[in-house]
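Student: Could we go through this structure together and set each label against its definition?
Tutor: Gladly, let's look at it.

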Amino acid sequence: MDTPNAELVIAQTKKWIVDVVVGCNFCPFAAREVKRNSIHYEVLQHSTRESVLKEVVKSFQLLDRDENIETSLLILPGSFTSFDDYLQLVGLAGRLLKKEGYEGVYQVASFHPGYLFAGSSEADPANYTNRSPYPMLHFLREESVSKVVDNFPGVDDIPNRNIAFTRAKGLAYMKQLL
C-alpha cells in the first residue's frame, strides 16, 4: 500500500488537529499551541516497533533540547494499522518513558484511525475523540499538563463532554469530519 509523503501526512495531520481536535473542542488547550506553532511533527513511514521506539527516545531528547516545542507527534503512516498491535506499541512507549527516566516529565497519549475504547462498539461515535488520520504517538510535557489541569475549571468533565458531543453529532458526521 502506498503511503503519502511526509509533507502530505503532516498537512493532513494539521488539518485534523484544526478541524477535529480544535474545531470540536476535544482539547481546549490545543488551539493555543496551533497558534504558537509549538507542535513538532515527525513522520516515520512503514516503521517497525524497534524503529519507533528509537524515535520515541529521540522525541524525548528533542523536547529536552527545545523548550519552544510544547508537544510532539510521532506519526506512523503505513504502520501499526492493527489497533491491537498499536496498543502494544503504546504500552512499550510508556515503559520506555519510565526506563529512560522521563516519568513525570513527559506523557504519552494515543491516537489511531481505528481507536476503540474498551467496552465500546465500532458504531460508537465516542471513539472519534481519539481517532486520527494515521496511527500516532503524542508526547506532552507533564508540567504543562499539570498547569492546565490545575487552572482549568471542569477539566475532569472534558472526556464526558467530548463523548456527548460525538454522540449528539452521530457516527456519519464524525466519519465525514475525520
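**Contacts, cores and a helix**

Tutor: Beyond its neighbours within four places in sequence, V56 is in contact (heavy atoms within 4.5 Å) with L74, A93, L96, L137 and F139. The model is predicted: local features need pLDDT of at least 70, side-chain atom pairs count only at pLDDT 80 or more, and totals for chains, interfaces and linings use all residues. Residues are numbered from 1 along each chain as its sequence is written, and side-chain values use heavy atoms, leaving out hydrogens and water.

Student: Which residues have the most contacts inside the largest nonpolar core?
Tutor: They are V52, V56, L74 and L137, in a core of 24 residues. A nonpolar core is a set of buried Ala, Val, Leu, Ile, Met, Phe, Trp, Tyr and Cys residues joined through side-chain atoms within 4.5 Å.

Student: Why is A31 called partly exposed?
Tutor: Buried means under 20% relative accessible area, exposed over 50%, and partly exposed in between (1.4 Å probe, protein chains only). A31 has 23%, so A31 is partly exposed. A31 is found in helix α2; helices (H or I, at least four residues) are DSSP runs, numbered from the N terminus.

Student: Which residues of α1 are buried?
Tutor: V9, T13, W16, I17, V20 and V21 are.

Definitions and conventions
Helices (H or I, at least four residues) and strands (E, at least two) are DSSP runs, numbered from the N terminus.
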